[in-house]
Amino acid sequence: MNSPDFQIAFAKLISSPQLCAKVLVDEEPFFTTFNLTEKEKMRLHSVIRQKGISACCSLYRMNRVTPVYTQLSNTSQLLGDTLIPLIEEFWIYYSETSLQFKEEVLAFGAFLMSKIENGLPDIPYLKEISQLEIIINELSYLPEGNYRVIKFEHELFDILALLNNGSMDAQQIVRSDTVYKIYMQNQQLQIDIV
């Protein structure tokens, strides 16, 4: 049976293709951070040199991107080509993951909101769509009766209509002071104006 340190070392390697490349050049700094037997070091030495390690890294990355892409699908669509660089930056920032949908989406959502608050990326209505999808994701794990009250910067239903038509930059949506109550009822999303 492998030691816990071996399992942690292996997990760290498959979670980062960059780390695999670095360890290929110089293994010793990586190995000294773990309490590994010589046999375990040899096994890891062999693992990082196998052709299948890239597939293993890819599978890990797919397991991390899937929650974001499926639960924040409109956000992902709006991010377009900036999605992957943002996801990769997020993985560096949030490397310790449970690979559970709820936690991964909420963590990425918080990371993205921080980026948006600092002006990157500058995509029209991304903030509102992301906020809505994060709330929907959060509520989907809570019992009915829970709700969130939020004021978006622009008229939400106008944004959703543009998104539905596939033309987010087709027109300028006016700013709004409307407050919305968002909740699930009979497993259906409900959005009421407060």
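Buried here means under 20% relative accessible area. That cut-off applies to the first close-up, and the model in every view is predicted.

**View 1. E27, a buried residue in a loop.**
E27 sits in the loop between α2 and α3 (28-31). Its relative accessible area is 17%, so E27 falls under the 20% cut-off and is buried. Which residues does E27 touch, not counting residues up to four places away in sequence? The partners of E27 are H45, I48 and R49.

**View 2. Q18, an exposed residue of α2.**
Q18 belongs to helix α2. Is Q18 buried or exposed? With 54% relative accessibility, Q18 counts as exposed, because exposed means over 50%. Between Q18 and F30 lie 12 residues in sequence and 13 Å in space, C-alpha to C-alpha.

**View 3. The largest pocket.**
Rolling a probe the size of a water molecule over the atoms shows where empty space is left. The largest pocket has a volume of about 420 Å³. Its lining holds 18 residues. Nearest the centre of this pocket are K12, S15, Y60, W91 and S95. Which helices each supply at least two residues of the lining? They are α1 (4-14), α2 (17-25), α5 (53-71) and α7 (83-93). Sorted by class, the lining of the largest pocket has 8 nonpolar, 5 polar and 5 charged residues.

**View 4. Helix α5 against helix α8.**
The axes of α5 and α8 come within 9 Å. They cross at roughly 75°. That angle lies in the range 65 to 115, so α5 is roughly perpendicular to α8. On the α5 side, the contact is made by R64, T66, P67, V68, T70 and Q71. On the α8 side, the residues are F101, E104, V105 and F108. By class, this contact of α5 with α8 has 5 nonpolar, 3 polar and 2 charged residues.

**View 5. Y69, an exposed residue of α5.**
Y69 lies in helix α5. Its relative accessible area is 52%, so Y69 is exposed. Not counting residues up to four places away in sequence, Y69 touches S76 and L83.

**View 6. Helix α7 against helix α8.**
α7 and helix α8 (residues 101-117) pack at an angle of about 110°. Their axes are 11 Å apart. At that angle, α7 is roughly perpendicular to α8. From α7, the contact takes L83, L86, I87, E89, F90, W91 and Y93. From α8, it takes E104, A107, F108, F111, L112 and K115. How many residues of each class make up this contact of α7 with α8? There are 10 nonpolar, no polar and 3 charged.

Most residues other than glycine have a negative phi, and most peptide bonds are trans. Where is the cis peptide bond? It joins L120 and P121, with omega about -10°. P121 lies in the loop between α8 and α9. Y125 is found in this loop between α8 and α9 as well. Y125 is not a glycine, yet its phi is positive, about 65°. At 7% relative accessibility, Y125 counts as buried.

**View 7. The second largest pocket.**
About 210 Å³ of space lies in the second largest pocket. Among its lining residues are P121 and Y125. The lining also includes I116, G119, D122, I123 and P124. Further lining residues include L126, K127, E128, E153 and H154. Which helix gives the largest share of the lining? Helix α9 (residues 126-140) does, with 3 residues. By class, the lining of the second largest pocket has 6 nonpolar, 2 polar and 4 charged residues.

**View 8. Q187, an exposed residue between two strands.**
Q187 is placed in the loop between β2 (179-185) and β3 (188-193). Q187 has a positive phi of about 60°, although it is not a glycine. Is Q187 buried or exposed? Q187 counts as exposed, at 69% relative accessibility.

Notes
Residues numbered from 1 in each chain as written. Predicted model: local features only at pLDDT ≥ 70, side-chain atom pairs only at ≥ 80, totals over all residues. Heavy atoms only, no water. 1 Å grid on protein atoms, 1.4 Å probe; cavity = no way out; pocket = protein on both sides within 12 Å on 5 of 7 lines; lining within 4 Å. Points joined across faces, edges and corners; volume = space filled by probe spheres on them. Helix = DSSP H or I, 4+ residues; strand = E, 2+ residues; numbered from the N terminus. Nonpolar A, V, L, I, M, F, W, Y, C, P; charged D, E, K, R; others polar. Axes fitted to C-alpha atoms, helices over the stretch in contact; angles between N-to-C directions. Parallel < 35°, antiparallel > 145°, perpendicular 65-115°, else oblique. Contact = heavy atoms within 4.5 Å. Buried < 20%, exposed > 50% of the residue type's maximum accessible area, 1.4 Å probe, protein only.
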